Amino acid sequence: MKYFFTVASFFFLSLGLTNCASSSVGIATSNKPIPNVPYETLKTVEKTFTWYALDFIIFGLPFTEPPITDLYEKVMEEDAGDALVNIRYWNDKSIFGPLTRYRFTIKGDLVRFAAQPTIKSKK
């Protein structure tokens, strides 16, 4: 019985140390203000950004710089869109001992603004 309790304790402890995960989600209407501007929807895009870090409780060292700074530009550059609308995003974090994997996924409709006609002034 003592052997069974030791093995079960070790199993549950190892599960807790190696397989932790957390996540969060959110929505946004667009990444740029679009007041009364006609646009056409090109397609729905989805892109996942992944980076790893070495974490020690409250101190972390990322192996690469997190790609969050130019996030929307990286998503829009594929099809030369002007903005993203109906944005859904989520991120998750998986911990494997001191190694942590971060994933940030963004999904939205890529749009292009309609060409505005030029207004000529009358003389």
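A search of the whole structure finds two aromatic pairs, and they make a friendly way into this predicted model. One of them is formed by Trp51 and Tyr102, whose rings are stacked, 5.6 Å from centre to centre and with 15° between the planes. Trp51 belongs to strand 2 and Tyr102 to strand 5, so this pair ties together parts that are 51 residues apart in sequence.

**The aromatic pairs**

- Trp51 is buried, because its relative accessible area is 12% and buried means under 20%.
- Tyr102, the partner of Trp51, has a relative accessible area of 21% and is partly exposed.
- Tyr89 and Phe104 also form a stacked aromatic pair, with 5.9 Å between the ring centres and 20° between the planes.
- Since Tyr89 lies in strand 4 and Phe104 in strand 5, the pair ties together parts that are 15 residues apart in sequence.
- Tyr89 counts as partly exposed, with a relative accessibility of 30%.
- Phe104 is buried, at a relative accessible area of 14%.

**The chain as a whole**

- Reading from the N terminus, the elements come in the order α-β-β-β-α-β-β.
- The chain has 123 residues, and 20% of them are buried.
- Among contacts in the chain with a separation of 6 or more, 74% are between residues 24 or more positions apart.
- The accessible surface of the chain is about 9300 Å², and carbon and sulfur atoms account for 62% of that area.

**How the strands pair**

- Strand 2 and strand 5 run antiparallel and are joined by 15 bridges.
- One place to look for this pairing is Thr41, whose bridge partner in strand 5 is Val111.
- Strand 4 and strand 5 are antiparallel too, with twelve bridges between them.
- Along strand 5, Thr100 is the residue that stands opposite Ile95.
- Strand 2, which covers residues 39–56, is also joined to strand 3, residues 59–62, by four bridges in an antiparallel arrangement.
- Leu54 has Leu61 of strand 3 as its bridge partner.
- When you follow the side chains along a strand, keep in mind that in a regular strand they alternate between the two faces of the sheet.

**The two hairpins**

- Strand 2 and strand 3 form a hairpin with two residues between the strands, and Ile57 there takes a positive phi near 55°.
- Strand 4 and strand 5 form a hairpin that also has two residues between the strands.
- Which residue takes a positive phi in the hairpin of strand 4 and strand 5? That residue is Gly97, with a phi near 70°.

**The salt bridge**

- Side chains of opposite charge can pair when their charged atoms come close.
- The count for this structure is one salt bridge.
- Arg103 and Asp92 form the salt bridge, and their closest N and O atoms are 2.7 Å apart.
- The pair links distant parts of the chain, eleven residues apart: Arg103 sits in strand 5 (residues 99–113), and Asp92 sits in strand 4 (residues 83–96).
- Are the two partners buried or exposed? Arg103 is partly exposed, with a relative accessible area of 32%, whereas Asp92 is buried, with 19%.

**Around Tyr89**

- Leaving aside residues up to four places away in sequence, Tyr89 touches Ser24, Val25, Gly26, Ile27, Phe104, Thr105 and Ile106.
- How many residues apart in sequence are Tyr89 and Val25? They are 64 residues apart in sequence, but their C-alpha atoms are 5.7 Å apart in space.

- Phe56, Ile57, Ile58, Phe59 and Leu61 make a nonpolar surface patch of about 650 Å².
- Phe59, one of the patch residues, lies in strand 3.
- Another patch residue, Ile57, is the one with the positive phi in the hairpin of strand 2 and strand 3.

Note on methods:
Residues are numbered from 1 along each chain as its sequence is written. This is a predicted model: local features need pLDDT of at least 70, side-chain atom pairs count only at pLDDT 80 or more; totals for chains, interfaces and linings use all residues. Side-chain values use heavy atoms; hydrogens and water are left out. Buried means under 20% relative accessible area, exposed over 50%, partly exposed in between (1.4 Å probe, protein chains only). Contact means heavy atoms within 4.5 Å. Accessible areas come from the Shrake-Rupley method with a 1.4 Å probe; for residues, only the protein chains shown count as cover. A salt bridge is a side-chain nitrogen of Lys or Arg within 4 Å of a carboxyl oxygen of Asp or Glu. Two strands pair if DSSP finds at least two bridges between them. Rings of Phe, Tyr and Trp (its six-membered ring) pair if their centres lie within 6.5 Å; planes under 30 degrees apart count as stacked, over 60 as edge-to-face and the rest as tilted. Patches are made of residues with over 30% relative accessible area and no salt bridge: like charges are joined within 9 Å, nonpolar side chains (Val, Leu, Ile, Met, Phe, Trp, Tyr) within 5 Å.
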